Amino acid sequence: MTSYGGPVQKDKKLRQRDWSKKTKVWRNTEDTIHWFRMAYLFLSRGYKGYQPQHGPHKPYFTLEHYILSERAIKKQRRRAAGIQAHRAIRNWFQTGVLQERADWELVREALMWQALQHKFGVGTTITEDGINLLNTYPKITKIIEANIACENFWGACVCPNCNGQRGRNIYGEMLLSMRDQLIGAR
Ligand SMILES: [Zn+2]
């Protein structure tokens, strides 16, 4: 299961969904990663420990915590990063506890890319996660952040309603681009 659990408010909807409808079976295959678990856990946005080059000296719980705290307006960022359950943080944006920055949709992809550069390395400085990512080459040709929480921007939801069709999978695509960049720099 991917790190992205989806907003808490959706849980009820999830339960009510008709799971008896036939959906494609998604699993990790020879050439495709769908779920960031086991050996691929390090690819997850919820993988423990993330230290960007800027910001507080204390590492974030996960990369997702960093992204979620950047999503908040400036004075709320420390608060957003301070709680362990990132599901709860996402919920705060819906209940109005946290205010989303006005330019979020314009900056989120650049922020994620920057975060991935810190996580995997940039240029000739490759981190341990970066080496693991490089090791997926050339076997893995596709990375999809599959989820069941109807998260179709960063990933692709595979619930009967979405069935993987609407997912833009930006995060999965970014991981592959990052790998290409690391290969180029080697
Ligand atoms: Zn869905």
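This is a short walk through one predicted protein chain, from the overall picture down to single residues.

Because the model is predicted, local features are described where pLDDT is at least 70, side-chain atom pairs count only at pLDDT 80 or more, and totals for chains, interfaces and linings use all residues. Residues are numbered from 1 along each chain as its sequence is written.

Start with confidence. The chain averages a pLDDT of 85, and 84% of the residues score at least 70. Here pLDDT is the predictor's confidence in each residue, from 0 to 100. Confidence is lowest in helix H1 (residues 11-16), with a mean of 61. It is highest in strand E6 (residues 142-143), at 95. Over residues 1-7 the pLDDT is below 50. That stretch still has 28 contacts in the model beyond near neighbours in sequence. Two residues are in contact if their C-beta atoms, placed from the backbone, lie within 7 Å.

Now the overall layout. The chain has seven helices and eight strands. Helices (H or I, at least four residues) and strands (E, at least two) are DSSP runs, numbered from the N terminus. Take the contacts between residues at least 6 apart in sequence: 57% of them join residues at least 24 apart. Buried residues make up 31% of the 186 residues. A residue is buried if 20 or more other C-beta atoms lie within 10 Å of its own, exposed if 12 or fewer, and partly exposed in between, with C-beta atoms placed from the backbone.

Nine of its nine residues are buried, so H2 is largely enclosed by the rest of the structure. What do these buried residues pack against? Their partners are strand E2 (48-50), strand E3 (60-62), helix H3 (77-81), helix H4 (86-95) and H5.

Two packed helices are described by the angle between their axes and the distance between the axes. Axes are lines fitted to C-alpha atoms, for helices over the stretch in contact, and angles run from 0 to 180 degrees between N-to-C directions.

First, H5 (residues 104-120). Angles under 35 degrees count as roughly parallel, over 145 as roughly antiparallel, 65 to 115 as roughly perpendicular and the rest as oblique. The crossing of H2 and H5 is right-handed. A crossing is left-handed if the near helix is turned anticlockwise from the far one by less than a right angle, and right-handed if clockwise. Leu63, Tyr66, Ile67, Glu70 and Arg71 in H2 meet Trp104, Leu111, Met112, Ala115 and Lys119 in H5. This contact has seven nonpolar, no polar and three charged residues. Ala, Val, Leu, Ile, Met, Phe, Trp, Tyr, Cys and Pro count as nonpolar, Asp, Glu, Lys and Arg as charged, and the others, Gly among them, as polar.

Next, H4. H2 and H4 pack at an angle of about 15°, with their axes 10 Å apart. That makes H2 roughly parallel to H4. Their crossing is left-handed. Glu64, His65 and Leu68 of H2 touch His86, Ile89 and Arg90 of H4. By class, there are two nonpolar, two polar and two charged residues.

H5 also packs against helix H7 (residues 170-185), with axes that come within 10 Å and cross at roughly 45°. That makes H5 oblique to H7. The crossing is right-handed. H5 brings Glu109, Met112, Trp113, Leu116 and Phe120, and H7 brings Ile170, Tyr171, Met174, Met178 and Leu182. Nine of these residues are nonpolar, none polar and one charged.

Now the loops. Phe153 lies between strand E7 (146-147) and strand E8 (156-157). It counts as partly exposed, with 16 C-beta neighbours inside 10 Å. Leaving aside neighbours within four places in sequence, Phe153 is in contact with Arg168 and Ile170.

Finally, some backbone details. Most residues other than glycine have a negative phi, and most peptide bonds are trans. Cys150, in the loop between E7 and E8, has a positive phi near 55°. Asn169, in the loop between E8 and H7, also has a phi near 55°. A cis peptide bond joins Tyr137 and Pro138, with omega about 5°. Pro138 lies in the loop between helix H6 (128-134) and E6.
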